[in-house]
Amino acid sequence: MSKRRIAVMNTSFRDGFQSVYGARVFTADFLPAVEAARDAGFTHFEAGGGARYQSLYLYCNEDAFDMMDAFRATAGPDANLQTLARGVNVVGLDSQPSDVIDLHARMFKKHGMTTVRNFDAMNDVRNLSYSGQCIVDAGLKHEVVVALMELPPKAVSEGAHTPEFYTSVLRSILDAGVPFTSVCYKDASGTSVPSKIYESIKQARQLLGDDVHLRLHTHETAGVSIMQYKAALDAGANGIDLCMAPCSGGTSQPDVVAM
């Protein structure tokens with residue numbers, strides 16, 4: 001039997017915090033856990049973005065960039081520190097002007113981030129083009145996203161939320177010339193059935209070829225996340241996102257040990 005290495009991003013300190021605690025965690029309280037995870041062998045961490053950026057200002061009376069600096073110092077110089085951005089919204093809740101989108105990328109680079117996972121919830125590729133270019137121009141890795149979800153039972157898709165639809169989104173990203181380092185299929189609701197995940201990732205792998213890093217992100221919300229990951233890996237994905245207790249499970253990612 002042939003073996004291959006599966007890349008894992010530890011989401012405990014961003015999506016785990018956000019999904020379980022509303023991202024309201026003081027930096028000094030979690031840095032010892034980052035150090036322990038580093039010593040255990042993790043090299044890829046989700047370290048900020050999204051509500052994890054906002055909550056530090058709104059609830060913790062902390063500066064998000066100070067947190068990023070401390071995260072980098074603790075994780076070490078070689079760790080891949082990844083953040084999340086909402087396309088043209090970046091880390092806001094409304095669309096941002098072009099200079100703020102560019103500033104977001106340059107500031108995250110300045111404060112030690114490695115990779116930005118960049119998504120548009122409606123799969124509007126136009127919202128990924130400029131923001132993605134800013135990310136690359138700032139010297140960051142750009143992980144472009146195709147957003148997934150499941151429809152209610154017996155709902156008629158009318159061409160959306162099928163593997164073929166997701167492949168058409170990916171093809172639009174390629175046709176638009178959006179620069180990227182890797183591709184993530186992101187199921188923010190954790191509801192997509194494993195068979196749809198398998199076919200979507202299989203079609204993406206065929207379109208991208210063998211050399212592009214392709215990963216799946218999901219949540220444990222509907223209780224199918226481990227089977228989703230199994231399907232994605234069987235279909236050719238390179239990586240998955242996992243979390244550590246007590247931030248795993250529920251509406252967060254599945255636990256490292258369970259996977």
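This is a predicted model: local features need pLDDT of at least 70, side-chain atom pairs count only at pLDDT 80 or more; totals for chains, interfaces and linings use all residues.

Analyst: Residues are numbered from 1 along each chain as its sequence is written, and side-chain values use heavy atoms, with hydrogens and water left out.

User: Which residues have the most contacts inside the largest nonpolar core?

Analyst: In soluble globular proteins, nonpolar side chains tend to be buried together. A nonpolar core is a set of buried Ala, Val, Leu, Ile, Met, Phe, Trp, Tyr and Cys residues joined through side-chain atoms within 4.5 Å; buried means under 20% relative accessible area, exposed over 50%, partly exposed in between (1.4 Å probe, protein chains only). Here the largest core has 37 residues, and Phe30, Phe45 and Phe71 have the most contacts inside it. Helix H4 (64-75) is among the contributing elements, and the largest share, seven residues, comes from H4. Helices (H or I, at least four residues) and strands (E, at least two) are DSSP runs, numbered from the N terminus.

User: Is Leu58 buried or exposed?

Analyst: Leu58 belongs to helix H3 (residues 51-58) and is exposed, with a relative accessible area of 63%.

User: Where does Arg86 lie, and which residues does Arg86 touch?

Analyst: Contact means heavy atoms within 4.5 Å. Arg86 sits in the loop between strand E3 (80-85) and helix H5 (98-110). Leaving out residues up to four places away in sequence, its contacts include Gly50, Gln54, Asn118 and Phe119.
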